[in-house]
Amino acid sequence: MVKLNKIYTKTGDGGTAGLVDGSRVSKSSLRMTAIGEVDEANAAIGVAIAALGLGEVPERLLTIQNDLFDLGADVATPGDVDGALRIVPEQVERLEREIDGMNASLEPLTSFILPSGSAGVSALHLARAVVRRAERAAVALGEQEVLNPQLISYLNRLSDHLFVAARFVASSEGGDVLWKPGATRG
């Protein structure tokens, strides 16, 4: 269990951060970039939860926020550490089931969707874009170091989940805001 009595330790004042295995890396490393992007994605999902209020989608998002802490721990644990917290296939599969469940009630897309709509829908689209950035950071790290492939799959599926969740919420609020190609040409 995590117990934090003191928030500042001064151990990072030299520009390094500690990892789960006890090693230290530069705060500008690919690993720390990926950890930071996952943290930002989690915060963006928190904003979406606040904008959406109560309901099925926000409850799923709370579960996802917990998963993202697991995922952050996975990224922060280099190499093969006994008992390391890792993203597992079941977490990815849960996202897929939820995507399929939400998508079943939606009309097929006929155009690209503008990341717009209500505050909740817009927050979901923003969270999706932030998750895509976290995925790119994790892929970059995975090109340099061994990384759990399930965490890349999770991030990829999560951005799809957030896209479908935005459409799912929008469907009860008048529908998606569709792109109209060339509509703004004079």
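## Surface and charge

The accessible surface of the protein amounts to about 10700 Å², and 55% of this surface belongs to carbon and sulfur atoms. Accessible areas come from the Shrake-Rupley method with a 1.4 Å probe, and for residues only the protein chains shown count as cover. The protein is a predicted model, in which local features need pLDDT of at least 70, side-chain atom pairs count only at pLDDT 80 or more, and totals for chains, interfaces and linings use all residues. Residues are numbered from 1 along each chain as its sequence is written, and side-chain values use heavy atoms, with hydrogens and water left out.

The protein carries 18 positive and 24 negative charges, whose mean positions are 7 Å apart. Lys and Arg count as positive and Asp and Glu as negative, while His and the chain ends are not counted; the place of a charge is taken as NZ of Lys, CZ of Arg, CG of Asp or CD of Glu.

## Overall fold

Five helices and two strands make up the secondary structure of the protein, in the order β-β-α-α-α-α-α from the N terminus. Helices (H or I, at least four residues) and strands (E, at least two) are DSSP runs, numbered from the N terminus. The C-alpha trace spans about 55 × 40 × 35 Å along its principal axes.

Of the 186 residues, 39% count as buried; buried means under 20% relative accessible area, exposed over 50%, and partly exposed in between (1.4 Å probe, protein chains only). Where contacts join residues at least 6 apart in sequence, 71% of them link residues at least 24 apart, a contact being heavy atoms within 4.5 Å.

Glu135 belongs to helix H4 (residues 119–144). Glu135 counts as buried because its relative accessible area is 11%. Apart from neighbours within four places in sequence, Glu135 contacts Ile152, Leu155, Asn156 and Ser159.

## Gly18 in strand S1

Strand S1 (residues 16–18) contains Gly18, which is partly exposed at 46% relative accessibility. Beyond neighbours within four places in sequence, Gly18 is in contact with Ser23 and Arg24. Gly18 and Ala34, 16 residues apart in sequence, have C-alpha atoms 14 Å apart in space.

## Trp179

Trp179 is placed in the segment after helix H5 (149–171). With a relative accessible area of 41%, Trp179 is partly exposed.
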